[in-house]
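Subject: Structure for your files

Dear colleague,

Here is the structure I said I would pass on. My notes follow below it.

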Amino acid sequence: MMKAVNILWVDDEIELLKPHIIFLESKGYRVETVNNGADAIDMVRDKEFDLIFLDENMPGLSGLETLSKIKDMAPVLPVVMITKSEEEYIMEEAIGSKIADYLIKPVNPKQILMAIKKITEQRRLVGQKTTANYQAEFNRLGMEISDCQTAQDWINVYRKLVFWELELEKHAEQGMDQVLQMQHVDANKAFARFIKKNYIDWFQSNDTKKPLMSPNVFREKIFPKLSQQKNTVVFVIDNLRYDQWKMLEPLLAPYYSVKSDDLFYSILPTATQFARNAMFAGLMPSEIEKLHPEYWLNEADEGSKNQFEEQLMQKQMSRLGIKASLFYEKVNNIDKGRKLVNNLGGLLNHNLSVIVVNFVDMLSHARTEMDMIRELASDESAYRSITLSWFEHSSLFELIKQLSEKEIPVAITTDHGTIRVHNPVKIAGDKTISTNLRYKQGKSLSYNPKEVFEVPNPQSVYLPKINVSTSYAFACNDDFFAYPNNYNHYVSYYKNTFQHGGVSLEEMLIPFILLEPRK
């Protein structure tokens, strides 16, 4: 049974509103009345109310004066202003004082009832509607998952999964999000089967079903814009998932409109060393190793595996005949972010600016290593929330707002996503085996073939071979690799952490967003 809603109605002609009050009481609402602002303030001080109807034009304290004093005592108490006046300044004053709604006299009972429901029952009513809508969509979405045949089919399905995840998180009754999670797990299992069946074929020269992938993103999405625009700025936010982007999108709405909201496929491994180098070079990893060996480091080599991104981008532009000046910066701490904001003029002297932002990737690693961060980002919803909070207060957001003032188009993308892992899968190999939890490269790998996506011939997918017998194995779904020796340590330490490198919708289907500044 719902808790009764307590309403205070403040009006100097309250006796004339008796029919309205009787109507509301017949609907189960409790209504108390006063005919002046001073009494209203006393009532709010002494009792608890869920909603106030407040007349704007009263003798003594005016409605706006009463509103101000009520807000001082109860800042979150919803107040609906009712007035005879349609003067714009009165509306602006009331809205500026954070009223919940604004009604013009004469009001009828149904208007009042609608205002109450919108304020006190909106969350419940929207939640019920959202739940009903997802229940109606559940079977259709399940059939779409079963019927996916192409890379684009999976993009369409993943968009819908993310949409419902965010909708149910905001509005739905408890329990429905668990149903969606199970459907998401089923989708990832089917997606892994699709990748196992099709991924290697995508790299055959005559395969027309190959989707847009990491090496071709700049060639197809960015370089064609350079001839049309004086400046273009690309932000590569490491580890940004599509659901995280959808959380950031409303913050950007006052400054930019979304011209295109696309998804493309990260190559495997879905790890920075491979996927981001491929983006900047416009080449697959084994092609980078062959054409630019001075810019490629293998797993066992010392040094950062992404220290040559600017050089690789310059090589790609030169190879494609792109006559444009390039600005490149990697932001991995607060000072670099602030410096970039202060150096906006220097950035805009170039046709193309590419800025790598490492916060989200750093967050996922910190969550693994630090108990406090793991508590703050306990699940996908919390992970999105922290990402949103960071972005809202970041130098990146400040820079984007400044770019909008200069009417500079912006692209936001990433190199790969991440997934929260739960299920350990045993794997073994010699001492040269790579350390990533979602993929392994090395020789003499031992595992259950049914549990992984195996690539015995790395050349078939343009991956480097450290030696003649090097092979790759990729974890699928929410699995992660654990060594048989010290198995319990790996399971307890890494279970329920966010990882990347393997095969999942979250890791492989990643956003490319093109934003146009609002004039």
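Which residue in E15 is the bridge partner of Glu-454? The partner is Ala-473. Before the rest, please note that this is a predicted model.

Confidence

The protein chain has a mean pLDDT of 90, with 93% of its residues at 70 or more. Among the elements of the chain, helix H21 (residues 505-508) has the highest mean pLDDT, at 98. The lowest, 66, belongs to helix H4 (residues 88-96).

The sheet around Glu-454

The bridge between Glu-454 and Ala-473 belongs to the pairing of E14 with strand E15 (residues 471-475), which is antiparallel and runs over four bridges. These two strands are part of an open sheet of three strands, in the order E13-E15-E14, with antiparallel pairing. Strand E13 (439-442) and strand E14 (452-455) are at the edges; each has a single partner strand, so one side of each has no neighbour in the sheet. On average, and with direction ignored, neighbouring strands here are turned by 15° against each other.

Aromatic pairs

The structure contains 32 aromatic pairs. One of them is formed by Tyr-158 and Tyr-242, whose rings are 6.3 Å apart centre to centre, with 45° between the planes. This pair is tilted. It links distant parts of the chain, with Tyr-158 in helix H7 (residues 151-171) and Tyr-242 in helix H10 (residues 242-252), 84 residues apart. Are these two tyrosines, Tyr-158 and Tyr-242, buried or exposed? Tyr-158 and Tyr-242 are buried.

Phe-280 and Tyr-328 form another aromatic pair, this one edge-to-face, at 6.0 Å centre to centre and 85° between the planes. Here too the pair links distant parts of the chain: Phe-280 lies in helix H11 (residues 272-281) and Tyr-328 in strand E8 (residues 326-331), 48 residues apart. Both Phe-280 and Tyr-328 are buried.

Charges over rings

Lys-401 has its charged end over the ring of Phe-397, at 4.5 Å from the ring centre. Lys-426 places its charged end over the ring of Tyr-487, and the distance to the centre of that ring is 4.9 Å.

If you open the model, the places to look at are the bridge from Glu-454 to Ala-473, the pair of Tyr-158 and Tyr-242, the pair of Phe-280 and Tyr-328, and the lysines over rings, Lys-401 and Lys-426.

Regards

How values were computed. Residues are numbered from 1 along each chain as its sequence is written. This is a predicted model: local features need pLDDT of at least 70, side-chain atom pairs count only at pLDDT 80 or more; totals for chains, interfaces and linings use all residues. Side-chain values use heavy atoms; hydrogens and water are left out. Rings of Phe, Tyr and Trp (its six-membered ring) pair if their centres lie within 6.5 Å; planes under 30 degrees apart count as stacked, over 60 as edge-to-face and the rest as tilted. Buried means under 20% relative accessible area, exposed over 50%, partly exposed in between (1.4 Å probe, protein chains only). A charge sits over a ring if NZ of Lys or CZ of Arg is within 6 Å of the ring centre and within 35 degrees of the ring normal. Two strands pair if DSSP finds at least two bridges between them. Axes are lines fitted to C-alpha atoms, for helices over the stretch in contact, and angles run from 0 to 180 degrees between N-to-C directions. pLDDT is the predictor's confidence in each residue, from 0 to 100.
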